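Please examine the sequence and the three-dimensional model shown here before reading on. The explanation is meant to be followed alongside them.

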Amino acid sequence: MCYCGSEKQYVDCCGSFIDGSELPGDALTLMKSRYSAFCTQAIGYLVATCSVTALKNNQAEDVAEFAEAAKFTKLEIIDTDLSAYPAEVEFKAYYLFANSLCCIHERSTFIQQDGHWLYDAGTLMPAPERKLSRNDACPCGSEKKFKKCCSS
Ligand SMILES: [Zn+2]
Ligand SMILES: [Zn+2]
């Protein structure tokens, strides 16, 4: 299954956008493919799908550093407004960082340029952070204990 939580294989889903063989047809599809790009550390794709404004606010090096340090475990789509322009997607992206389960809860806006959907801006919402103990079930969904799976 693809990282974005779809029922499709990665190569038939976000992989086809990240490798450039297809273009995401709407903002939600683009958003999911950017999440998968974080999972696979496809930094080039993350940068290429940012608007000029977004690149001003997120330096490519910072994006790369974050994608390498964080292990993303789950994406939850909270709300979308794809008929609005800029289109809006609200999501929660869970990731492991320094043995804590963290979450980015963001409402992002997306614009379209020359037929390409681009990430433009985001408003972060407060999100709890949970320190994991070694015997917790691993949040990556493996059904193993954290200490035997993604703990560092
Ligand atoms: Zn996908
Ligand atoms: Zn795990």
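The paragraphs below treat the metal sites, the annotated region, the strand hairpin and the nonpolar cores in turn.

The model is a predicted one, in which local features need pLDDT of at least 70 and side-chain atom pairs count only at pLDDT 80 or more, whereas totals for chains, interfaces and linings use all residues; side-chain values use heavy atoms, with hydrogens and water left out. Residues are numbered from 1 along each chain as its sequence is written, while chains are lettered from A and ligands numbered from 1 in the order in which they are written.

The zinc ion (ligand 1) is held by the SG atoms of Cys 2, Cys 4, Cys 13 and Cys 14, at 2.3 Å. Donors are N, O and S atoms within 2.8 Å of the metal (3.2 Å for Na, K and Ca), and water is not among the atoms, so sites may look incomplete. The angles among the 4 donor atoms of this ion run from 105 to 116°, and the site is tetrahedral; four donors count as such if all angles lie between 85 and 135 degrees. For comparison, the ideal angle for four tetrahedral donors is 109.5 degrees. Along the chain, the donors of ligand 1 follow the spacing C-x1-C-x8-C-C. Of these, Cys 2 lies in the segment before helix 1 (14-18) and Cys 14 in helix 1, 12 residues apart, so that the pair links distant parts of the chain. Helices (H or I, at least four residues) and strands (E, at least two) are DSSP runs, numbered from the N terminus. Both Cys 2 and Cys 14 are buried, a term for under 20% relative accessible area, with exposed meaning over 50% and partly exposed in between (1.4 Å probe, protein chains only).

The zinc ion (ligand 2) is coordinated by the SG atoms of Cys 138, Cys 140, Cys 149 and Cys 150, at 2.2 to 2.3 Å. Its site is tetrahedral, with angles of 108 to 113° among the 4 donor atoms, and its donors follow the spacing C-x1-C-x8-C-C. Cys 138 counts as buried because its relative accessibility is 7%, whereas Cys 140, with a relative accessible area of 28%, is partly exposed.

According to an unreviewed UniProt entry, the annotation "domain: YchJ-like middle NTF2-like" covers residues 27-122; such annotations may be inferred rather than shown by experiment. Over residues 27-122, the chain is 36% helix and 45% strand, and the end C-alpha atoms are 13 Å apart.

Strand 3 (residues 100-113) and strand 4 (residues 116-125) run antiparallel and are joined by 9 bridges; pairing requires at least two bridges found by DSSP. Ser 108 has Gly 122 in strand 4 as its bridge partner. The two strands form a hairpin with 2 residues between them, and Asp 114 in the turn has a positive phi of about 50°.

The largest nonpolar core has 33 residues, and Met 31, Tyr 45, Phe 72 and Phe 110 have the most contacts inside it. Such a core is a set of buried Ala, Val, Leu, Ile, Met, Phe, Trp, Tyr and Cys residues joined through side-chain atoms within 4.5 Å. Helix 2 gives the largest share of this core, 7 residues. Apart from it lies another core, of 8 residues, among them Leu 96, Cys 103, Leu 132 and Cys 150. Leu 132 is found in the segment after strand 5 (130-131) and counts as buried at 8% relative accessibility.

Definitions and conventions: Four donors count as tetrahedral if all angles lie between 85 and 135 degrees; four count as square planar and six as octahedral if opposite donors are over 155 degrees apart and all others between 65 and 115; anything else is irregular.
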